[in-house]
Each structure stands twice: as C-alpha cells, then as structure tokens.
Amino acid sequence: MNIPAPTFEWFELSPLLIVLVGACLGVLVEALMPRRLRFVSQLVLLAATVLAAIVMLVINWRQGSGGILAMGSISLDGPAYIAWGSLLVFGLLGILVFSERRLDNGATVFAASASSVPGSPLESEATTARLEHSEVFPLALFSLAGMMVFASANDLITLFIALEVMSLPLYVLSAMARRRRLLSQEAGLKYFLLGAFSSAFFLFGMALLYGYAGSFDLKAIDVAIAAPTFGPGLLYTGIAMLAVGLLFKIGVVPFHSWIPDVYVGAPTPVTGFMAICTKLAAVIGGVRVFYVALGAERWSWQPLLAVLALLTMAVGAILALTQTDIKRMLAYSSVAHAGFLLTAVVGALAVVPEGQVNSVGSIMFYLIAYGFAVIAAFAIVTLVRDSAGEANALSGWSGLGRTHPALAGVFAFLMLSFAGIPLTGGFIGKWAVFSAAWRGGYWWLVLAAIIFSLVAAYFYIRVIVVMFFGEPNRQVAVGKASGMTWVPIVVGAAATVYLGLFPGQLLELLAGAEVFWR
Amino acid sequence: MSVPWLTVLGLIPLLGAAVLCFPVKEIAKGLGMAFALITAGVAFGVAALYVGGTELAEIAPWIPPFGASWALGLDGMSLMMVLLTVLLVPAVLLAEWKLFDTGAFRWSAQVFFALVLALESLALFVFLADDVLLFYLFFEATLIPMYFLIGGFGGARRSYAAVKFLLFSLAGGLVMLFSVVGLYAESTRLLGRPSFLVSDLAGLGFSPATGMLLMVGFLFAFAIKAPMVPVHTWLPTAAEEGTPGTSVLLVGILDKIGTFGMIKFCLVLFPDASREAGPVMIVLALISILYGAVAAIGSKNLLRLVAYTSVSHFGFMVLGIYTFTTGGMSGTVFYMFNHGFSTAALFLVLGFLISRRGSALVESFGGVQKVAPVLAGTTLVAGLSSLALPGMSSFVSEFMVLAGTWSREPWVAAVAVLGTVLAAVYILLMYQRVMTGPVTDQVREHVTTDLNARERWVMAPLLAVILALGFVPQVALNVIEPTVVATLTQAQISDPAVPFAEK
C-alpha cells in the first residue's frame, strides 16, 4: 500500500508558521520564565515574531511565490498577501497597546487574576501581589494566526478551523478587563455564546454544501455549481447557513447584536485589535467564499447582500446617533462601516479596465484605511481618563480640544476619516467601494450609502463639537502614556493622512493583487 | 513649463497656516498678513502671466488607478475668482485685527489667522482645479476650516450655526459624491479608461437619463453652496453667528463656488441636461431674488440682512447662467467678482459699527451719521454698491444679466427687475433706520469713535475696486468674455438673435 506523502510549502507558509510558533513559544515563556521577566520577554517575543513574519512575507512577495498551498487548504494569492500583511501590521499595532502600563499605576488593562470572582478576596490578593496576565500576548498571537488562515483558507474545513482559532482567544481576551469586570465577563460570555451559535450555523451550512458538491474545496464547489448533480435547494440552504456564520463575524445586521456589548465590555486595546483584525479577516475570508466558491451563483446572493448592506448602514448609523458612550458609538460606527463595505461586495465581479481596482481591491483599501484610523482611535480612547479608569462617556470628552488641542485634533481628524471627508484615507476608501458598487449596477445602493454617510457624519461631528466647543470637564484628564500607546496613534494618524493625500501607491499595489486564485 | 505657478500660488497660504501652527505668539498676526499679501502678489504675477498668454496649466498623475490627476488650470472665470480671493483675505485679516483684544472670543488670533489662510489655500485650489475629483476634494475640504471659523469665533449660538452650516454643506457634498462616483463609472465605460479631466469628460455623450441624474447631483450641491431658496437657510444663521470677517469669506468667496461650479461643471459636462434644467433654475432664481429681497427688508439683524441680500444677488447670478447668453453669463461672472467686494464692504463696515455698539439689531441704532459720519458715509457707498447704483461695478454686471435675460425671456427680466427695486428698499430703509434720525442715548454712549485708520485702510481698497470697475468694467470683461464664449460654444448654445435689431 502506497500512501503519498503530503506536500507542504514551508517557505511560502513561513509567515503563518512563524506566528504560530511565536504563540507556542509565548506559552512556554509563560511556563518557564520567572515572573518578573515574563512581561518583557513576551513583548520582545511578540515584536520579533511579527517582524520576522513580515520579513518572510515581503521576501515571498518579492519572489512572486504563491498559489494553492498545503494540499489545497491555503490559497496564497494577492488578496491573501495583502490580508496577511495588513493583519500583521494592525496586529502588531493593536497588541502594542495591550502592554501599556503607565496609564494605570504600572498595571495593564487586564485583570490581575481573571479567573477570580470579582470583588472576592482572591482578586484583591492578586491585585496587591501585582500579578498580571502576560499570556494575553500568546493569546493574541494565536488569534492573529487564526485570522491569517481565515483570510487565505481555500477549503471550508480550514476556514472553520481558522474561525475557531481566531475566535476562542478573543472570547477570553474580552472577558479580562481589570476595571468593570462584570461587564467584561458578560461581554466575553455573550460573545462566546453567540459565536458558538453562529459557528453551528456555519458548520451546518458547510455540511449542506459538502452534500451538494461532494467536496469542501472552494474550487470544487464552483465546479459543482456549474454542473449540478443535485437540485438548488441544498445549495441555497447551504449558502444561507454559511452566510450567517460569515456575516456574524463581520457584524452585519441582523447578526450585529454582539458588537456593541462586546466592544464596550472588552478592554479597550482588545476592542481596537478586534475592531480591525477580526473584521479584516472575516471580510476577506467571506469575500473569498462568495467570489471563488459561489461566484457562479452570484445572481442569487447579490440582491440579498444589497438589502443586508442597506440594513446594516441604516441600523449602524441611526443607532449610533443616540449613543452617549464613545466606545459604544464607535461600535455602532463599525457596524455602519461593515454596511459600507458590503456595498462593494455587491458590486462583485464587474469587469474593470486594466490597472484599476476591482471590488476586492476597493474592499481591501477600505479595510486598510479604516484599520489605521480605528486602531488610533481606540488607542486615544484609552488615554482619556478619570479617577475610575477610562472616561468613556461622551460628556467626559467635553472641552478636550481646549485642554489638549493636539490629541483632540488627531481624534477629530480620525472622526473625519470615518465620516469620509476628503483629504483622509476614509474618503478614498468610501470612494473606492462606492464606485465598485456602481460598476456592479447598484447605483441605488450608492445613493442609500451616501444618505447614511450623512447620518453617520452627524455623530462623528458631534464628537468634534463636544471636544472643541464644550466646556472642559474638570474630572477628566489625559493620562501620561508610554510609546506603546503613542506609536499606534501616531502611525495610525499619519497613515490616514498619507492614504488621503497619496492613495495611488497602495491602490496600484492592490490593483495588482486583487484576483483570487482558484 | 518651469515653475508650477498655480501650485505655488495655492501652497503659499497653506505654508502660512502651517507656520502659524508653531508658537509665534507676538508676531502671529503680522506673519499671517505677510503670507496673505505674498499670496496676493503672486496672484497678480500669475494674472499678468495669464494676460500675457503664458501657458499656466499643470498636470501630473495623482491617483493613477482612479485616473485622477493633479491638474490645475486658469481661465478667465477662475482668474477673477482667484483675484477675488486673494484680495478679500487681507482685508478680512486687517478687519479682524483687533477682534481678539476684546477678550470676548475664546480662540486666539493665531488660530483665526491660520484657519483663514488654510481656507484661502483650499479655496484657491477649488477655483484652479481642472480635475473633477481634485475639485471635489478641495470643495469638501473647505468646509472644515470654515466650520471652525464659525464655531470657534462666532456669537452665542455659534456651535449650532456651525453644525447647521456643516450638515447642509455635507448633504450637498455627499449628493455630489454620488454624481462624481457615477461620472467615474460611466465615463470609464465610455472612454475605456478612467479620467477625471474636465477636458476628457466634456462632450462624452451620456444617455439623457444618466446625464440628468449626474447633473442633478452636481447642481444640488452647487445650489446649496450658492444659497438658493429653498436650501439657503443655513446662510442667515451662519452670517448672524459668525464674525463679519468669517461671513465675508463665506459669502464672498466660498458661496461663489456654487455659481462657479454651475458654469464649469454642470454646463460643460452635461450641456443637454443643463439646458433642460434651465426653466426650473430660472424659476428658482426668480424666487431667490424676490424672497431674498423681501426677507432682507424684514430682517431685524444687520448681518442677517446682508446675508439675505446675498441670497437675492445669487438669484441674479443663477439667472444669468441659466438664460444662456454670452452677455448674461459674462455679467454673472463679473457679478460674482463684484458681489464679493460689495458684500465684503457691507459686512465689514457694519461689523465695525456692531463692535462699537455691541449689538447687531437694527433697532439698537439711530442717528449714527451724526456721531460717526465717515462710518455712515462708507456704509452708504457700500450699500449703494449692493443695490447696483450706476457708477458702481455691480451696476454693470446686474445690467448685463438683465439684458441677457431680456434677450431670451423678456417676462423673466421684468420679474427680476423687481428685485432691483426691492434692493433699493432694503438698503435705503436700513440706512435710514440705522444712520439717520435723532441720535439715541445708547448710540451716543457706545459709538464714540468714527472709523479709525486701520478700519479706513480696510474699506478704502474695497470701495476703490468697486468704483474703478464701475467706470472701466472692460478691464475685467475682456478677461471674462473669451471664457464664457468658449463655455457656451462647448455647450453648443448660441446667443438669441437681438430682439429688436432686425426689424
């Protein structure tokens, strides 16, 4: 009996492997290092891991290597390269904020002992002993590795595994806030239950599609749709179930209800990390499934997604209007942004002239522009504090423009980018996705998106009004942060300016890397 | 092409704004003024080059995947707008020089000067842009400094006024974004490659329905900008709450982008759709003329009054555009220039009066001409310019608009003339209530000084321009007319036969 040895492209997959190995090493550090060295070594390990992964990614990109790898389970194509690169960059920036210790008297935002009951003697004991959970770094790395796989998975099994690998650490991280622990634990539990529920849908959809196509492979599903052996009932039910799982992770209405609670309850650095990295991975992975496996069936899912995009924009933008908590407002704004993104998915597969960005390219640009802004915005949210920790109520931000003009100016600029005002990266992103939708023939969706952009602009501007024209709030001060917070803020804001003024380079890069391998 | 003069021109004030971001406390105002004057100098140099026939257009790829270019160009109309901008900005800066010594304003002079310079730079680029995306970008970007100028320095309800201004403008801008996105998608389909250059897009031959859809998007934004009834309501609020200087920038410069855009984009890119929209726009223009005038007569607040007169004047400008005659449209472009100066003069001189009295209500005044004769006289001249008295430059432009309208639609001209009559009413009534009559106690108490040297230096150049162009309008019209002729030729519209000459 002859069993062929599986092939595995070690070099091409090295960025992914490095992150996974880095995460495993992090667990070892946790087990073997003396306590006082753990935090620093975790941080060094994290930076080294991500930087090494980025270097390997660039080397691979330069060599032009890629293709369907690891026995057909990973597709390292243009979108996967872009997704990996941006996940690594955003991951590094986002996880850096985890390690901020100057803001809260030398403690991180994570609970001293996450497993203790809030208010119990065990908890105060851990706090007095100044314990800290440095395992948040390997957790985040595991999650990052899951996201990378998710964005490049070429079959449904890999996709599902990646979904779980990226989600499980996030459930834990969400529940670990040092302050307002009950809220945080509730967020973690809610996220876990709803996530598990959506995974079940996903799994069921997978099974149905397997029944329809006889394979988990995305390409094989595409082939099966072209030459069906079964009726479409199995296919449509499968697509719907699969879509529930994917849209849940992206945060599309009506599967968005976890977003506000989890974003508010989770420690703010984790929120920032989730806000972009989860979304980016989920969108790229989801778009890959829709385009590669279900592209031939697009006439049945495009109208549905158009309606969901409309609903998502509407619910996100309108509910954000009434929020008085800055994190909750940003959470609803992220729902609205998911809606704007979906408009481009609807414009899928329209033909574009050579050298222009198609819908995938525009989605990726939007995500990158949004990512830089959102990482910086959540990092700024960690800075504005009162005696009980972060001052998340909007009233606490009143008059910040007078007491801290530079910081408020940066935050106002990020708000303008979210609102899609020109000279910011957000504008070019909106521009790109709207034109993709129009090319797909959905001009009415563009019109709707523009109306909701205006609604959304109102609540972003409200933040600016509060900051610049309100009376300063005496109880609130801007904490003195270390570089761990400032670096993401500065990088995020600078990238937002750069992408607003000179988007050409990134767009050209995307235009050359926007076709999925099949 | 050696020096990209147009880019340099636009960047100088931006550089000034950047310099003012550094702590230069004592010399901030001087520095700001220096940058404004250098800009004006360069602008006149550019004007000389343009008149001399030098090719000034610049083009460089900017976002190749979108087909967008850094394309700047100058024609007669944009030259007039550039000159208007660079002349009004120093006047505004000088007029607001002492604003900050009173302590009533929360933000510092340095911020004000920086914002004004940033606004000047963005406005210049708006007028120079030859690429639709570039235009859109700067069009929207001007909102941000203006928003802070109103919200940071205005009266008691400044925050409300600023948000109202921003939301109205954003609504227009976003609808225009819809059209720009559509223009991009449709032109890519027709051209086979993306391009935003006005020269590439003109005469593409959109299908009538598409052309109309896209044109309406542009027109909506421009109608909000050039405040036309019924989307004008943000302007009186903004003018009432903003400082007079801010209002000059808003009404004198930024609102011109509306009429400017109607000519440069609506008419050139979508001639058929624009012609079809003509009757609707004429009716809206007439409504604006009359409504603005009547509302001005009824205004209790001086700044609000001037804002409403502008609504009326913008009605005339729009009328000149949508009757499609060479004379009328040249008149409109000239009107855009003149209106900038006459409104600036009126806003600023009333601003000087209001800052003395501490109130902007008409009823707070009476008999000012006895205590401050120069101030009253200046107000009268500025007011007469606003009502288009012969001898003032605004008379020439208003006459051209009406004559052009007459040649196309005599009845429309007859209705529009009512606007000039009402203009006399609102200006003279205001003058009578504020300046003549017995001196009230409050006026005697508060208006203790006449215009001082600084204020005279603000007003003198403005009035000089108004009077000079009133007598030799040909200087400006020679620059304007070729552009208008070219625009109308491109839109394939010919002048109507002279109605009475043929008999």
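Trainee: Which residues of H10(B) are buried?

Mentor: First, some housekeeping: this is a predicted model, where local features need pLDDT of at least 70, side-chain atom pairs count only at pLDDT 80 or more, and totals for chains, interfaces and linings use all residues. Residues are numbered from 1 along each chain as its sequence is written, and chains are lettered from A and ligands numbered from 1 in the order in which they are written. The buried ones in H10(B) are Trp234(B), Leu235(B), Pro236(B), Thr237(B), Ala238(B), Ala239(B), Glu240(B) and Glu241(B).

Trainee: What covers the buried residues of H10(B)?

Mentor: Helices (H or I, at least four residues) and strands (E, at least two) are DSSP runs, numbered from the N terminus. Helix H10 spans residues 234-241 of chain B, and 8 of its 8 residues are buried. Its cover includes, from chain B, H6 (143-153), H7 (158-191), H11 (244-254) and H14 (302-322).

Trainee: How do H3(B) and H4(B) run, roughly parallel or roughly antiparallel?

Mentor: H3 (76-95) and H4 (109-128) of chain B have axes 9 Å apart, at an angle of about 175°. Axes are lines fitted to C-alpha atoms, for helices over the stretch in contact, and angles run from 0 to 180 degrees between N-to-C directions. Under 35 degrees counts as roughly parallel, over 145 as roughly antiparallel, 65 to 115 as roughly perpendicular and the rest as oblique. H3(B) and H4(B) are therefore roughly antiparallel.

Trainee: Over in chain A, which strands stand at the edges of the open sheet?

Mentor: The sheet has 3 strands in the order S4-S3-S5 (chain A), with antiparallel pairing. Each edge strand has a single partner, so one side of it is left without a neighbour; these strands are S4 (389-390) and S5 (477-478) of chain A.

Trainee: Which element gives the most to the side of chain A that touches chain B?

Mentor: Chain A and chain B put in 29 residues each. The elements of chain A giving two or more residues are H17 (425-439), H18 (443-469) and H20 (504-511). With 12 residues, the top giver is H18(A).

Trainee: What is the radius of gyration of chain B?

Mentor: Chain B has 22 helices and 2 strands. The radius is taken over C-alpha atoms, and the globule rule is 2.2 Å times the number of residues to the power 0.38. For 503 residues the rule gives 23 Å, so chain B is as compact as a globular protein of that length, at 22 Å.

Methods: Pairing = 2+ DSSP bridges. Buried ≥ 20, exposed ≤ 12 C-beta atoms within 10 Å, placed from the backbone. Contact = placed C-beta atoms within 7 Å.
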